[in-house]
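Thanks for coming. I will go through one structure today, taking the strands before the ligands.

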Amino acid sequence: MNVLITGGAGFIGSHVVRHFVNKYPHYHIFNLDKLTYAGNLENLTDVEQASNYTFIKGDIVDTSFIADLFAKYKFDAVIHLAAESHVDRSISAPMEFVMANVVGTVNLLASARDTWSKDGQYDAKNIFYHISTDEVYGTLGDTGKFLETTPYSPNSPYSASKASSDHFVRAWHHTYGMPIKISNCSNNYGSHQFPEKLIPLFIHNVKNNKPLPVYGKGENVRDWLYVVDHAVAIDTIFHGGTLGDTYNIGGNNEWKNIELIKLLCSIMDKKLDREPGTSEKLITHVQDRAGHDWRYAIDSSKLMDELDWRPSVTFEQGLEKTIDWYLTNETWLNNVTSGAYQNYYKQKYSER
Ligand code: NAD
Ligand code: TDX
């Protein structure tokens, strides 16, 4: 089976590529990625020589390029992760999110349909699996959880673009019979995440004695999932989920930002041999994010009951592993923050 994974050089995508390349040697995994600031082939050095792996540099927004690629490689299935993913960037540059997340997704759907279905019939191997977010459901008050049936109510340009792409994927199923699956996951954390998101940014800043910019009072709540557990959930849904269905994925790990940050600081004090309380002094309350969603919490009982998926680590275990990874992989962190890797890969893979 030829499986196209888009966005495989990014944070979650690199974990998904690694998982599929290692676990399914009889599949050929094609990783299509534009290598934006968030895409980094250093994330995949351990699999880049594998005989069942091919990297392709390219942009999902480029319609003719995507059509040619499907015609050339005849992918059997798609796991689609490529996207602009940072809420703060979507507030300052929303059109980039419309292009990558909405137009890019529709390009992939159109080429998959052209390749797979001459007459409305699809092969049993064909799946278009879209990786989405719980942010499409909007925001919760102090109680309740998002279910697969919760109406969409996106609040940020990022979540509006992801909601839109989910709707297009569902429309291709309804209108053209496309075999699709969608999963909506909570906040991921773990190794190889670009240090603009809360956890890697704060690890980086604590290490360098820089201020920790907490938005507002820091009382917003997020539900955290270890990225390796997300990759396993994606495998489980890809192979076991029902066509046309949506699955929520979450770790049942709700944390107020400020409590999470204090836990992170206390672990960092121990790892860096600092007096208890040292890192917490770096906390600086800054202006709140515009339209900041109050609380996310996800009910993943459908995935657990139907497909027997469970997270493998507690948040405390996952966070410690994550901190250890960033402290050990100083070169990776320095490269992504200095832009050094971008220059290197720009030379290695010429622009199309
Ligand atoms: P990321 O920003 O780390 O990686 C995105 C990848 O997509 C990068 O490698 C980038 O180069 C690539 N990309 C962006 N635009 C592209 C384009 N036009 N053509 C080809 N490649 C392009 O993102 P992530 O955190 O790994 O998220 C991956 C997916 O999972 C996204 O669809 C995101 O919406 C979804 N998601 C993320 C989270 C999370 O907590 N990070 C949670 C739920 C869902
Ligand atoms: O500097 C910061 N200070 C701060 O207080 C940053 C970067 C974030 N925050 C807060 C905002 C959020 O309440 O921390 C929380 C987490 O923020 P992010 O790491 O930016 O994640 P979030 O906005 O919740 O979105 C993430 O989870 C869902 C991913 O970026 C999305 O791609 C995913 O879909």
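How many bridges join E5 to strand E6? Six, with E6 covering residues 180-185 and the two strands running parallel. Before going on, please note that this is a predicted model.

One of the pairs in that arrangement is His 130, which stands opposite Ile 182 in E6. E5 also pairs with strand E4, residues 77-80, again in the parallel sense, over four bridges. There, Val 78 has Phe 128 of E5 as its bridge partner.

As for cover, seven of the seven residues of E5 are buried, so the strand is largely enclosed by the rest of the structure. Ile 127, Tyr 129, Ile 131 and Thr 133 point one way, while Phe 128, His 130 and Ser 132 point the other way.

E2 pairs with strand E1, residues 2-6, in the parallel sense over five bridges. In that pairing, Leu 4 stands opposite Phe 30.

Now ligand 1. Which residues come closest to it? Of the 28 residues that surround ligand 1, the closest are Ile 12, Asp 33, Ser 85, Tyr 158 and Lys 162.

For Tyr 158, a polar side-chain atom is 2.6 Å from an oxygen atom of the ligand. For Lys 162, a side-chain N or O atom is 2.6 Å from a ligand oxygen. On its own, ligand 1 has 830 Å² of accessible area, and the protein covers 96% of that.

The elements that each supply at least two residues to this shell are helix H1 (11-23), E5 (127-133), helix H5 (157-176) and strand E7 (187-189). E5 gives the most, with three residues. By type, the shell holds 13 nonpolar, eleven polar and four charged residues.

On to ligand 2. It has 20 residues around it, and the nearest are Thr 133, Glu 135, Tyr 158, Arg 289 and His 292. Tyr 158 is also on the list of closest residues for ligand 1.

Polar side-chain atoms lie 2.7 Å from an oxygen atom of ligand 2 in the case of Glu 135, 2.8 Å in the case of Asn 187, and 2.8 Å in the case of Arg 222. Taken alone, ligand 2 exposes 650 Å², of which the protein buries 94%. H6 and E8 are the elements that give two or more residues to this shell. The shell divides into nine nonpolar, six polar and five charged residues.

That leaves H6 itself, residues 198-207. Is this helix mostly covered or mostly open? Mostly covered, with eight of its ten residues buried. Among them are Ile 199, Phe 202, His 204 and Lys 207. The buried residues of H6 pack against E7, E8 (212-215), strand E9 (221-226) and helices H8 (257-271), H10 (315-328) and H11 (330-338). After H6 comes Asn 209, with a positive phi near 55°.

That is what I have for today.

Conventions. Residues are numbered from 1 along each chain as its sequence is written. Chains are lettered from A and ligands numbered from 1 in the order in which they are written. This is a predicted model: local features need pLDDT of at least 70, side-chain atom pairs count only at pLDDT 80 or more; totals for chains, interfaces and linings use all residues. Side-chain values use heavy atoms; hydrogens and water are left out. A residue is near a molecule or strand if one of its heavy atoms lies within 4 Å of it. A polar contact is a pair of N or O atoms within 3.5 Å; within protein, one must be able to donate a hydrogen and the other to accept it, and residues adjacent in sequence count only if both atoms are side-chain atoms. Accessible areas come from the Shrake-Rupley method with a 1.4 Å probe; for residues, only the protein chains shown count as cover. Ala, Val, Leu, Ile, Met, Phe, Trp, Tyr, Cys and Pro count as nonpolar, Asp, Glu, Lys and Arg as charged, and the others, Gly among them, as polar. Buried means under 20% relative accessible area, exposed over 50%, partly exposed in between (1.4 Å probe, protein chains only). Contact means heavy atoms within 4.5 Å. Two strands pair if DSSP finds at least two bridges between them.
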